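Thanks for passing this one along. Here are my notes, written to be read with the model open beside you.

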Amino acid sequence: MWIVSWRDALPKTQPSCPAVTCKGKDPEQDPIAATVLENAGATGGWIANARRCSHCGCVYAVHGRERTIKGYFDNPVMPPGWRPIFG
Ligand SMILES: [Zn+2]
């Protein structure tokens, strides 16, 4: 059995956080529960497989190796709660 975590599967040069503005030094990328996002007002199928950066609070959808930032949850420089990115 060959088990590789999603983190190990990423190229070593790629920062763990997908946000280019993130200044975190390898911050934890924690799964965020769909119910948490839903209660905060987020919608879409992507919330079933979302992660959040513990440093900048960006929330992104994970599709294999592809990660799409959808917004921010409790970002330190924004008002608390869900702050979606549109467009
Ligand atoms: Zn980050």
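The points below go from confidence and layout to the sheet, the core and a few individual residues.

1. **Confidence first.** Keep in mind that this is a predicted model. Mean pLDDT for the protein is 86, and 82% of the residues reach 70 or more. Where pLDDT is low, the predicted coordinates should not be read in detail.

2. **Overall layout.** The protein has two helices and five strands. Going along the sequence, the pattern is α-β-α-β-β-β-β. Of the 87 residues, 24% are buried. If you look at contacts between residues at least 6 apart in sequence, 37% of them join residues at least 24 apart.

3. **Going across the pairs.** Strands of a sheet pair through backbone hydrogen bonds, either parallel or antiparallel. Here, strand 1 and strand 2 pair antiparallel over four bridges, and three bridges join strand 2 to the antiparallel strand 3. Strand 3 and strand 4 are joined by six bridges, again antiparallel. Strand 4 then pairs with strand 5 through three bridges, in the antiparallel sense. If you want partners to click on, Ala61 has Thr68 of strand 4 as its bridge partner, and Tyr72 stands opposite Arg83 in strand 5.

4. **Two hairpins.** Strand 2 and strand 3 make a hairpin with four residues between them, and Gly57 in that turn has a positive phi of about 80°. The hairpin of strand 3 and strand 4 has two residues between the strands, and there Gly64 takes a positive phi near 65°.

5. **Strand 2, covered on both faces.** In a regular strand the side chains alternate between the two faces of the sheet. In strand 2, Ala50 and Arg52 are on one side and Arg51 and Cys53 on the other, and all of them are buried. Arg51 has Tyr60 as its bridge partner in strand 3.

6. **Arg52 deserves a look.** On one side, Arg52 is the bridge partner of Asp30; in strand 3, Arg52 stands opposite Val59. Setting aside neighbours within four places in sequence, the contacts of Arg52 are Asp30, Ile32, Gly57, Val59 and Phe73. Also, Arg52 and Gln29 are 23 residues apart in sequence, with their C-alpha atoms 5.5 Å apart in space.

7. In soluble globular proteins, nonpolar side chains tend to be buried together. The largest nonpolar core in this model has 13 residues, and those with the most contacts inside it are Ile32, Leu37, Ala50, Cys58, Val59 and Phe73. Strand 2 (50-53), strand 3 (58-63) and strand 4 (66-73) each give two or more residues to this core. Strand 3 provides the largest share, three residues.

8. **Around Cys58.** Which residues is Cys58 in contact with, leaving aside neighbours within four places in sequence? They are Cys17, Pro18, Ala19, Cys22, Cys53, Ile69 and Tyr72.

9. **Two aspartates with positive phi.** Asp26 lies in the loop between helix 1 and strand 1, and its phi is near 50°, a positive value in a residue other than glycine. Asp26 counts as exposed because it has 10 C-beta neighbours inside 10 Å. Asp74, in the loop between strand 4 and strand 5, is not a glycine either but has a positive phi of about 55°. With 15 other C-beta atoms within 10 Å, Asp74 is partly exposed.

Notes:
Residues are numbered from 1 along each chain as its sequence is written. A nonpolar core is a set of buried Ala, Val, Leu, Ile, Met, Phe, Trp, Tyr and Cys residues joined through C-beta atoms within 7 Å. A residue is buried if 20 or more other C-beta atoms lie within 10 Å of its own, exposed if 12 or fewer, and partly exposed in between; C-beta atoms are placed from the backbone. Two residues are in contact if their C-beta atoms, placed from the backbone, lie within 7 Å. Two strands pair if DSSP finds at least two bridges between them. pLDDT is the predictor's confidence in each residue, from 0 to 100.
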